[in-house]
Amino acid sequence: MSDKSWRIFIMVVALIILSGVLYSALQSVTSFRELVPDRYSDTQKIRDISIEKFGDRWDDIQRVEITDPDMIDRIMNNFSEVKLIRTENYTIGTYYYIRINYEHTLLTIMYTEPDNMRIDLNQGTQHKRYSWTYKIASPFDRSIIEDLFK
């Protein structure tokens with residue numbers, strides 16, 4: 001191979017690697033609104049929200065069920081504005097398991113203090129983005145959930 005052919009080959013390989021890195025970086029940044037399909041955005045279809053709080057000990061579990069439409073709107077609006085960044089390193093603090101019961105399906109959010117979140121659509125086969133843990137990268141009002149357990 002000539003010197004020119006090697007340069008072209010190296011540039012093509014570098015371009016492929018660079019595009020893979022850029023694609024991976026773009027996939028790691030998302031938002032709650034992007035991850036949750038539009039059919040979940042209508043709060044009128046939510047029957048109830050069940051939240052379990054797990055403390056430091058295995059038997060330290062508290063549970064709250066919310067059926068008030070105004071409170072459901074507050075919780076969903078709080079989540080809808082959240083920006084998320086994929087993370088591999090996360091701390092585990094107080095753990096909230098949030099089940100949002102829609103008319104015919106269930107949406108599960110696992111929220112761990114101080115600022116980690118995982119979303120599960122409970123639909124069998126899902127995109128790999130639903131197996132990732134995300135760090136909350138925007139303002140998020142934790143008090144809406146925390147105040148339910150006071």
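Predicted model: local features only at pLDDT ≥ 70, side-chain atom pairs only at ≥ 80, totals over all residues.
Reader: What makes up the protein chain?
Author: There are four helices and eight strands. From the N terminus on, the elements run α-β-α-β-β-α-β-β-β-β-β-α.

Reader: How do you know in which order the strands sit in the sheet?
Author: Pairing gives the order. Two strands pair if DSSP finds at least two bridges between them. The eight strands form an open sheet in the order β1-β4-β8-β7-β6-β5-β2-β3, and the pairing is antiparallel.

Reader: Why are β1 and β3 called edge strands?
Author: β1 (29–31) and β3 (61–66) each pair on one side only. Neighbouring strands of this sheet are turned by 30° against each other on average, direction ignored.

Reader: What holds strands of a sheet together in general?
Author: They pair through backbone hydrogen bonds, either parallel or antiparallel.

Reader: How do you know that β5 and β6 pair?
Author: Count the bridges. Seven of them join strand β5 (residues 95–101) to β6, and the two run antiparallel. The cut-off is at least two bridges, so β5 and β6 count as paired. Tyr96 stands opposite Tyr111 in β6. The two strands form a hairpin with four residues between them.

Reader: What joins β6 to β7?
Author: Five bridges join β6 to strand β7 (residues 116–120), again with antiparallel strands. Here Thr108 stands opposite Asp120 in β7. β6 and β7 also form a hairpin, with three residues between them.

Reader: Why is strand β6 described as largely enclosed by the rest of the structure?
Author: Look at its residues. β6 covers residues 106–112, and six of the seven are buried, so the strand is largely enclosed. For the protein chain of 150 residues, 37% count as buried.

Reader: What makes Ile66 buried?
Author: Its relative accessible area is 6%. Buried means under 20%. The value is under the cut-off, so Ile66 is buried.

Reader: Which residues does Ile66 touch?
Author: Not counting residues up to four places away in sequence, Ile66 touches Asp48, Ile49, Ile51, Met71, Ile72, Ile75 and Leu148. Ile66 itself is found in strand β3. Ile49 stands opposite Ile66. Six bridges join strand β2 (residues 48–54) to β3, which run antiparallel.

Reader: How far apart are the C-alpha atoms of Ile66 and Arg47?
Author: They are separated by 8.9 Å, with the two residues 19 apart along the chain.

Reader: Where does helix α3 lie?
Author: Helix α3 (residues 69–80) lies across β2, β3, β5, β6 and β7. The helix runs at about 65° to β2.

Reader: Why does Val21 count as exposed?
Author: Val21 has 52% relative accessibility. Exposed means over 50%. The value passes that cut-off, so Val21 counts as exposed. Val21 lies in helix α1 (residues 3–27).

Reader: Which residues form the nonpolar patch on the surface?
Author: Trp6, Phe9, Ile10, Val13, Ile17 and Val21 form the patch. Together they have about 590 Å² of accessible area. Patch members need over 30% relative accessible area. Val21 is at 52%, so it passes that cut-off too.

Reader: What share of contacts joins residues at least 24 apart?
Author: The share is 63%, among contacts between residues at least 6 apart in sequence.

How values were computed: Residues numbered from 1 in each chain as written. Heavy atoms only, no water. Patch = residues over 30% accessible without salt bridge, like charges linked within 9 Å, V, L, I, M, F, W, Y side chains within 5 Å. Areas by Shrake-Rupley, 256 points an atom, 1.4 Å probe, with all protein chains shown as cover. Salt bridge = Lys/Arg side-chain N within 4 Å of Asp/Glu carboxyl O. Buried < 20%, exposed > 50% of the residue type's maximum accessible area, 1.4 Å probe, protein only. Axes fitted to C-alpha atoms, helices over the stretch in contact; angles between N-to-C directions. Contact = heavy atoms within 4.5 Å.
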